[in-house]
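The following exercises concern a single protein model.

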Amino acid sequence: MAKGFLNRSQLLHGAAALTIATTVTAWSGVALAQEAAPPSVAARSTGGAQADAQSSDGTADATASDIIVTGTSIRGVAPVGAPVRALGLEEIKAQGLGTSSEIIRSLPQVVNLGADEGRGGTVQNAAANVTQGTGVNLRGLGTESTLVLLGGRRVPPNGFQAQFTDVSPFIPIALERVEVVADGASAIYGADAVAGVVNFILRRPFDGLEVSGRYGLAKGFDQWQASGVAGRTWSGGGVMVAYEHYERGQLDGSERSFFTSDLRSIGGTDQRSLFANPGTIVSGGATYAVPGNQNGRGLTAANFVLGTTNRRDNDIQRDFLPRQKRDSVLGRIEQRFGAVQFGVDGYFTNRVARFQGSSVGNVGTSAALAVPRANPFFVNPANPAATSVTVNYSFENDFKTYSIGTERSWMVSPSVKADVGSWTLDAYASFGSNFSQRNTYGILRTVNLAAALADTNPATAFNAFCDGRAFVCNNPTTLAALNGTTLFHSVFKLWDYQAKASGPLFDLPGGSVKLAVGGEYTASTLFQIDTRNTTTADFVVRNQSTRHRNVKAGFAELFVPLVGAANSLPFVQRLDLTAAIRTEDYSDFGRTTNPKFGIRWDPARDLTLRASYGTSFRAPTLADGDPLSGPTISISNVVDPTTRLQVRTITQLGGRPGISAETAKTFTIGFDLHPVAVPGLNLSATYYSIDYTNRIETPSSDTILLNSATLASLLIRNPTVAQVQALYASPYFAGAQEDPTNIKLYVDLRKSNVGGVKQSGLDISGHYSLETDSAGTFGIGADVTLIDNYTRSAAPGATYIDQLGNINYPVDLRVRGTASWKSGGFSGNVFANYLAGYSNNLVSPKQPVSSFTTIDATLTYAIDGTSHAWLNGTTLSVSGQNLFDRAPPPVLNGTLGFDSQNASAIGRMVAFQLSRKF
C-alpha cells in the first residue's frame with residue numbers, strides 16, 4: 001500500500017477517471033480534430049514509435065523503410081496496439097545520468113530486481129551475477145524475461161549463466177534513441193520477450209566529432225568517464241564510431257551508517273556474525289569469548305568468561321558497490337548501391353570489477369575450527385583435559401576475501417537490404433560472444449586446515465586464540481597454505497541469421513495491406529568451468545560443462561488498414577488491424593508457437609485507442625537445465641523468518657535436468673491523446689495483464705521457509721547425520737565440514753519450474769510543453785506505473801498468493817515526475833522519483849517500509865553563436881541525483897538494514913560534464 005499517498009483503490013479510481021475524462025475531452029473536440037492536420041507523434045509517445053523519424057544529429061532525413069521500429073517486422077509501419085516508449089537523444093541527455101543502465105532504470109516500468117552490481121542472493125537468480133553486472137527487468141518479472149536488442153539484433157547475454165544483458169556498454173553518446181515495448185512480443189522476436197523489449201538504436205553516420213568528459217562524486221564514492229563519437233558521410237554511405245572509458249571507485253561499508261548487521265537501532269535484532277576474530281570457544285554447549293588484545297599464548301581457563309561471545313559486522317567490512325573499469329566501442333558503417341544497401345553494426349566492451357568481500361557472500365572466510373590438544377595454543381576453559389575444542393573463527397585478519405570480475409563482450413552484424421519494386425528484402429547475420437570470469441581470493445583451503453591445526457610447532461601451527469586486530473598471529477607461510485582461490489569462467493557464443501521480406505499485398509480503401517514473412521536460425525553455445533584449490537593440493541576442475549542449442553524459426557506479420565484518410569468516417573478516422581505469428585523449433589526442448597493480435601482505432605485525429613493480445617515464452621537458458629552449471633553445496637547462517645533467529649543451514653544450488661519453457665498470455669488496452677485544442681499536451685494510459693506460468697526460479701530460502709507446506713520437497717528440517725554427511729561427500733561441497741548435528745536445515749535452491757505469476761496494472765504518461773515568446777519553453781509531466789495485482793504461485797497447483805508490495809517483489813506504485821525549462825543556450829530539468837511504501841514480510845510481524853522520494857536535477861548551458869569560435873559547440877552541465885541526500889528507509893533485510901532493490905546506497909551524487917562538438 002502506498003504510504004503517505006493515495007491508497008491503491010483511490011489510485012485506480014483516479015486513473016479510471018483520468019481515462020474517461022481524456023476520452024470525453026477528445027470526443028468533444030472531434031469536429032475540430034477532423035478539420036485539423038494530424039499532429040506528429042511525440043518522441044515519448046507510448047502508442048507507437050514514428051516510422052518517419054529524423055536523425056537527431058543533423059543528417060539527411062531517413063526514409064520510412066530505413067527507420068528501425070521496435071515491435072513490428074513490417075518496415076515503414078508503426079506497431080499496432082503495442083505501447084512503445086521512445087527515449088530520444090535529447091531526452092537521454094536531459095536525464096543527467098552517466099550510463100544506459102541508469103537511464104533505463106529511471107523508467108517506472110523497470111524494477112530493480114535480479115542481477116545488479118550492488119548485491120547477490122537468490123532473488124531472481126542474482127547469485128549467478130559473478131561479475132557484478134546490471135540487468136534490465138521490465139515489470140519485475142526477471143531479467144531473463146526482458147529481451148534486449150541492439151539495432152533490432154539479439155546480443156550475447158551476460159553473467160556466468162548467460163541469464164541477463166548488461167546494457168552499460170551501449171554508451172549514451174552512441175545512441176540515436178532507445179525504444180521500450182512493455183508488452184509481450186514473442187510473436188515478433190521469439191524467446192524472452194515476455195515482459196517486453198528494450199531496443200538500443202545507434203546513431204546514423206554524420207559529419208563531425210563530439211567529445212565529452214564527466215566526473216561525479218558522492219560521499220566516499222566517485223566516477224569519471226571520457227567519451228567521443230565521430231562520423232563521416234559520403235555519397236551513398238557513411239560511418240559512425242563511438243568510444244567511452246568509464247571508471248568508478250568502490251562504495252565500502254564504512255561509508256554509510258545503514259551498512260550494519262546490528263539492526264537493534266531500527267527495531268531488529270543483532271545479526272552480526274558469531275564467527276569473528278578474535279573468535280569464540282564453544283565447549284559443552286557453552287560459549288566463551290576469546291579475549292582481545294592478546295596474542296593467544298599462555299591462555300588459561302581463568303582468562304575466559306562463561307556465556308560471552310565475539311561478533312563480526314559483515315556489512316561495514318565489504319564493498320557494496322565494486323570498483324569498476326570499462327572500455328566500450330560501438331560503430332556502424334553503411335553504403336548504398338542503387339536499390340541495395342549494405343551495412344555493418346558492431347560493438348566491443350571490456351569491463352573489470354574489483355570488490356572487497358563480495359556482495360554475494362560474506363567478507364571473510366569463517367569456520368568452526370576443531371583444534372586438537374596437540375596444538376601449542378590449545379585451551380579449553382570448560383574442560384582443560386579435553387582432546388579438542390571448537391572455535392568459531394573468522395579469517396578476516398589473516399587474509400582478505402576479494403574478487404576480480406571480468407566481462408568481455410563483442411558482436412558484429414553485417415546486413416543487406418534491397419528494394420525490389422515496392423517490397424523490401426532484409427537479411428543480416430550476427431556473430432557475438434561474451435566472456436565472463438570471476439577470480440575470488442581468500443577462500444579457506446580446507447585441504448590444509450587439519451594439518452595446520454594439528455601442527456605442534458609454535459612457529460608454524462595455526463593460532464586460533466589470538467586477537468588478529470592487535471597482533472600478527474600466524475606465520476605467513478601457514479596462512480599462504482590456507483589461502484585458497486576459486487575461478488568461475490564461462491563463454492557464451494551466439495550465431496544469428498535472419499532473412500525477411502516485407503511489402504504491400506493489395507490496396508484497400510483505408511490503405512495498403514502489408515505483409516512481412518521471414519525465417520531465422522540461431523545457434524548458441526555455453527561453456528562453463530569452475531576451478532579451485534580449496535579442497536585439493538593443486539588447482540582442479542570442480543565441474544565443467546558445454547551445452548549447445550540451435551533454433552529454427554519462421555514468422556509472419558500482416559497489417560490491414562481498414563479505415564484511413566481516404567475513407568474516414570465520423571468517429572472512425574483510422575482503423576488498423578495486425579496479426580503476427582512465430583513458430584520456433586528448439587533442439588533441446590521442442591517447438592513453441594506464439595501469435596499476437598493488435599488493433600488501433602482513431603475516433604478522432606488526436607485520439608488513438610489501441611489493444612493487443614498474444615502469447616509469449618521464455619526458453620530455459622542453457623544453464624537452467626544443466627546439473628553441472630554452478631552446482632554448490634555450502635553451509636551458512638539463514639535467518640528463519642518464523643523465529644527471526646539465525647539457523648545453521650546447508651543449501652544446494654545449480655541447474656535441474658528436465659526443466660521446460662515458461663509461457664505467458666499478455667493483454668494491453670490503452671489510449672494516446674494529442675489534443676489539437678491544447679498543443680504540446682500528450683496523454684497516454686495503458687492497462688496491461690500478464691498470466692505467466694511454469695516459471696523457472698531459484699527460490700530463496702525465505703520463500704521456501706515461508707511456504708514450507710507447498711514446497712516441502714525443497715526443505716528438510718533437522719536433517720539426519722547421514723543426510724548431512726552425504727552432502728559433505730559431494731564433490732560440490734564448498735567450505736569446511738563441521739559437526740553434522742549443527743545443521744538444522746537443508747534447503748534445495750536448484751532451479752525449478754515452481755509456479756506462476758499473475759500481474760496487472762496501469763501505465764500512465766502525461767506531458768505538456770509550452771512555448772513562450774520571451775521566457776523560453778516550459779515542460780511538465782509524469783510517468784506512472786501502478787500495479788494493481790501481483791499474485792504468485794509458489795508451486796504447480798498451489799494457491800496464488802498476493803505478493804504485491806512485499807519485499808523482493810514489485811512495489812505497487814512508482815512515479816517519475818519531470819519539470820523542464822529551456823531558453824537560448826540554457827536548459828534545466830528537475831525530476832521527482834516516488835516509490836510507494838511496502839511491507840517487509842521476511843520478519844514476523846511484518847515490518848512496514850515507508851515510501852521513498854528523491855529529487856534529481858540537471859542544468860545545462862550550450863554555447864553557440866559566440867564571437868569566440870573556439871567556444872562554439874561547447875556544452876557545460878551539472879547534474880545531481882538525490883539532491884537532498886535522502887537515506888534509504890530502514891528495512892530488517894536479513895543481516896542488512898536497508899533494501900538495495902528499492903533504494904540506492906549512493907546518496908547525493910553530483911556530476912559535472914563538459915562536451916564539445918566539432
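## Exercise 1: Aromatic rings

Phe 258, Phe 259, Phe 320 and Phe 898 form one aromatic cluster. The model is a predicted one.

Task: Determine how the rings of Phe 259 and Phe 320 are arranged, and which parts of the chain the pair ties together.

Solution. 
1. The structure holds 21 aromatic pairs.
2. In the pair of Phe 259 and Phe 320, the ring centres are 3.7 Å apart and the planes are at 10°. Planes under 30 degrees apart count as stacked, and this pair is stacked.
3. Phe 259 belongs to the loop between strand S9 (251–252) and strand S10 (280–283), and Phe 320 to strand S12 (residues 319–321), so the pair ties together parts that are 61 residues apart in sequence.
4. Phe 259 and Phe 320 are both buried.

Task: Classify the pair of Phe 395 and Phe 399, and state whether each residue is buried or exposed.

Solution. 
1. The centres of the rings of Phe 395 and Phe 399 lie 5.5 Å apart and their planes are at 15°, so this pair is stacked.
2. Buried means under 20% relative accessible area.
3. Phe 395 has a relative accessible area of 0% and is therefore buried. Phe 399, with 7%, is buried as well.

## Exercise 2: The disulfide

Solution. 
1. One disulfide is found in a search of the whole structure.
2. Cys 466 counts as buried because its relative accessibility is 1%; Cys 473 is buried at 14%.

## Exercise 3: Strand pairing

Task: Describe how strand S28 (residues 681–697) pairs with S27 and with S32.

Solution. 
1. Strand S27 (residues 662–673) pairs with S28 in the antiparallel sense over 11 bridges. Here Ala 664 stands opposite Tyr 692 in S28.
2. S28 also pairs with strand S32 (residues 752–771) in the antiparallel sense, over 15 bridges. Ile 690 stands opposite Gln 759 in S32.

## Exercise 4: Charges over rings

Task: Name the ring over which the charged end of Arg 354 sits, and likewise for Lys 758.

Solution. 
1. The charged end of Arg 354 is over the ring of Tyr 402, 4.1 Å from its centre.
2. The charged end of Lys 758 is over the ring of Tyr 800, 4.7 Å from its centre.

How values were computed:
Residues are numbered from 1 along each chain as its sequence is written. This is a predicted model: local features need pLDDT of at least 70, side-chain atom pairs count only at pLDDT 80 or more; totals for chains, interfaces and linings use all residues. Side-chain values use heavy atoms; hydrogens and water are left out. A disulfide is a pair of cysteine sulfur atoms within 2.5 Å. Buried means under 20% relative accessible area, exposed over 50%, partly exposed in between (1.4 Å probe, protein chains only). Two strands pair if DSSP finds at least two bridges between them. Helices (H or I, at least four residues) and strands (E, at least two) are DSSP runs, numbered from the N terminus. Rings of Phe, Tyr and Trp (its six-membered ring) pair if their centres lie within 6.5 Å; planes under 30 degrees apart count as stacked, over 60 as edge-to-face and the rest as tilted. A charge sits over a ring if NZ of Lys or CZ of Arg is within 6 Å of the ring centre and within 35 degrees of the ring normal.
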